[in-house]
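The following exercises are to be worked with the sequence and the coordinates at hand. Each task is followed by a solution in steps.

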Amino acid sequence: MKDEFKTHIKSHSELQETITRKKVKFLQLGLTLQPLVIIVGPNINEITQYFVYVNGTYYVLNSILSSVDCCFKAIQALNLEYSLESIPVWSFVQKGFYQINTDWDTEFVSVNSLFSDIGMNETIVTL
């Protein structure tokens with residue numbers, strides 16, 4: 001799930017290979033690669049670059065927060081779906097940070113439990 005929410009690669013040279021591998025994986029499942037956050041650095045504590053990949057275009061960003069924001073907004077603006085393996089994480093981002101609820105949302109016990117555990121009330125706009 002975490003790899004589909006954000007993909008960590010150690011060097012820029014792995015970028016194209018990683019995208020190709022993901023495209024093939026999703027094609028075999030009858031799906032398409034959705035926008036994703038890619039972080040580059042030798043380890044998770046030393047990130048040097050942040051990208052959002054959307055349909056063949058790489059957007060360079062300055063932080064993980066701006067990357068998640070950009071990716072979320074691209075998914076919403078282009079009316080795309082969340083990557084199948086990371087739907088609960090994106091659901092948390094959508095409902096917790098953007099306070100958006102739609103008729104198409106899937107409810108996850110884990111997400112609702114997390115909201116409850118951290119004391120977030122359901123003051124969410126329904127679209």
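The model examined here is predicted.

**Exercise 1. Ring pairs of phenylalanine 72**

Classify the pairs that phenylalanine 72 forms with tryptophan 90 and with tyrosine 98, and locate the partners in the chain.

Solution. 
Step 1. A pair of aromatic rings is described by the distance of the centres and the angle of the planes. The model has 7 aromatic pairs in total.
Step 2. The centres of phenylalanine 72 and tryptophan 90 are 6.4 Å apart, with 25° between the planes. Planes under 30 degrees apart count as stacked, and this pair is stacked.
Step 3. Phenylalanine 72 belongs to helix α3 (residues 64-77) and tryptophan 90 to helix α4 (residues 87-97); the two are 18 residues apart, and the pair links distant parts of the chain.
Step 4. Phenylalanine 72 is buried at 3% relative accessibility, and tryptophan 90 is buried at 1%.
Step 5. Between phenylalanine 72 and tyrosine 98 the centres are 4.1 Å apart and the planes are at 10°, so this pair is stacked.
Step 6. Tyrosine 98 lies in the loop between α4 and β5 (100-101), 26 residues from phenylalanine 72, which is in helix α3. Tyrosine 98 is partly exposed, at 27% relative accessible area.

**Exercise 2. The nonpolar cores**

Solution. 
Step 1. In soluble globular proteins, nonpolar side chains tend to be buried together. The largest nonpolar core here has 17 residues.
Step 2. Those with the most contacts inside this core are Val37, Val52, Val68, Cys71, Phe72, Trp90 and Val93.
Step 3. At least two residues each come from β2 (36-40), β3 (49-54), α3 and α4. The most come from α3, which gives 5 residues.
Step 4. Apart from this core lies another, of 10 residues, including Ile19, Leu33, Val40 and Phe51.

**Exercise 3. Helix α4**

Is α4 mostly covered or mostly uncovered? Name the partners of valine 93 beyond four places in sequence.

Solution. 
Step 1. In α4, 8 of the 11 residues are buried, and the helix is mostly covered.
Step 2. The buried residues of α4 include Pro88, Trp90, Val93 and Gly96.
Step 3. With neighbours within four places in sequence left aside, valine 93 is in contact with Phe5, Val68, Phe72 and Tyr98.
Step 4. After α4 comes glutamine 99, which has a positive phi, near 50°.

Methods
Residues numbered from 1 in each chain as written. Predicted model: local features only at pLDDT ≥ 70, side-chain atom pairs only at ≥ 80, totals over all residues. Heavy atoms only, no water. Phe/Tyr/Trp six-rings, centres within 6.5 Å; stacked < 30°, edge-to-face > 60°. Helix = DSSP H or I, 4+ residues; strand = E, 2+ residues; numbered from the N terminus. Buried < 20%, exposed > 50% of the residue type's maximum accessible area, 1.4 Å probe, protein only. Core = buried A, V, L, I, M, F, W, Y, C linked by side-chain atoms within 4.5 Å. Contact = heavy atoms within 4.5 Å.
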